[in-house]
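Trainee: I have a new model open and would like to learn how to read its features. Could you take me through them?

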Amino acid sequence: MVATLPVNLAVLQQFRVIYGTMRQYFREVEERCGLPGSQMWILQEVQRCPGLGVTDLAARLGIHQSTCSQLVEKLVSRRCLIKTRKQEDQRRVGLQLAPDGVEAIAALPGSAEGALPEALSAMPEVALQTLYINLFELIRHLPGRDDAFASIPLADMLRDPK
């Protein structure tokens, strides 16, 4: 792809395409499933691995454990998840889908993670490494950058404030 604009503006347009595509996808997820994308991703991971604990779930999603716990509590209160004590260690809690969670999963238009993680996983390793290096350099130059955003699901960042 050859840029007809100055490169900085062409790159800005690329970010707009990524942002707009993600925002549109997560809006569709919320409209169809009745839950935000971050919560749907949790349901999808629990569906893939019934009995999963919050610590392992947070690691799978690449988010902070406290953020994950808050999202899990919302899903439990909405009757989409059920917490169960693990037989081998009663102090540990495993997660199971509740019927409302199964119903929400059935309404997903695609992957709960969204289009970006799916696209990244389809890229060759060398392209991912190059992208990582270049994004690292971009982030280094961001005024007022907040690295805490790295632990927040994209779906939550892209939601309209209510």
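Mentor: Gladly! Let's begin with a term: two residues are in contact when they have heavy atoms within 4.5 Å. Keep in mind that this is a predicted model.

Trainee: Among contacts between residues at least 6 apart in sequence, what share joins residues at least 24 apart?

Mentor: Here that share is 59%.

Trainee: How many helices and strands does the protein have, and in what order do they run?

Mentor: The protein has eight helices and two strands.

Trainee: Now a helix pair. How do α2 and α3 cross?

Mentor: For a pair like this, look at the angle between the N-to-C directions of the fitted axes, which runs from 0 to 180 degrees. Helix α2 covers residues 37–48 and helix α3 residues 54–61; their axes come within 11 Å and cross at roughly 115 degrees. The crossing of α2 past α3 is right-handed.

Trainee: Which residues meet there?

Mentor: From α2 come Trp41, Ile42 and Glu45, and they meet Leu57, Arg60 and Leu61 of α3. By class, this contact has four nonpolar residues, two charged and no polar ones.

Trainee: What about the overall dimensions and the surface of the protein?

Mentor: The C-alpha trace spans about 60 × 30 × 30 Å along its principal axes. The protein exposes about 10700 Å², and carbon and sulfur atoms supply 57% of that area.

Trainee: And what percentage of the residues is buried?

Mentor: Counting a residue as buried when its relative accessible area is under 20%, buried residues make up 32% of the 162 in the protein.

Technical notes. Residues numbered from 1 in each chain as written. Predicted model: local features only at pLDDT ≥ 70, side-chain atom pairs only at ≥ 80, totals over all residues. Heavy atoms only, no water. Helix = DSSP H or I, 4+ residues; strand = E, 2+ residues; numbered from the N terminus. Left-handed = near helix turned anticlockwise from the far one by under 90°. Nonpolar A, V, L, I, M, F, W, Y, C, P; charged D, E, K, R; others polar. Buried < 20%, exposed > 50% of the residue type's maximum accessible area, 1.4 Å probe, protein only. Areas by Shrake-Rupley, 256 points an atom, 1.4 Å probe, with all protein chains shown as cover.
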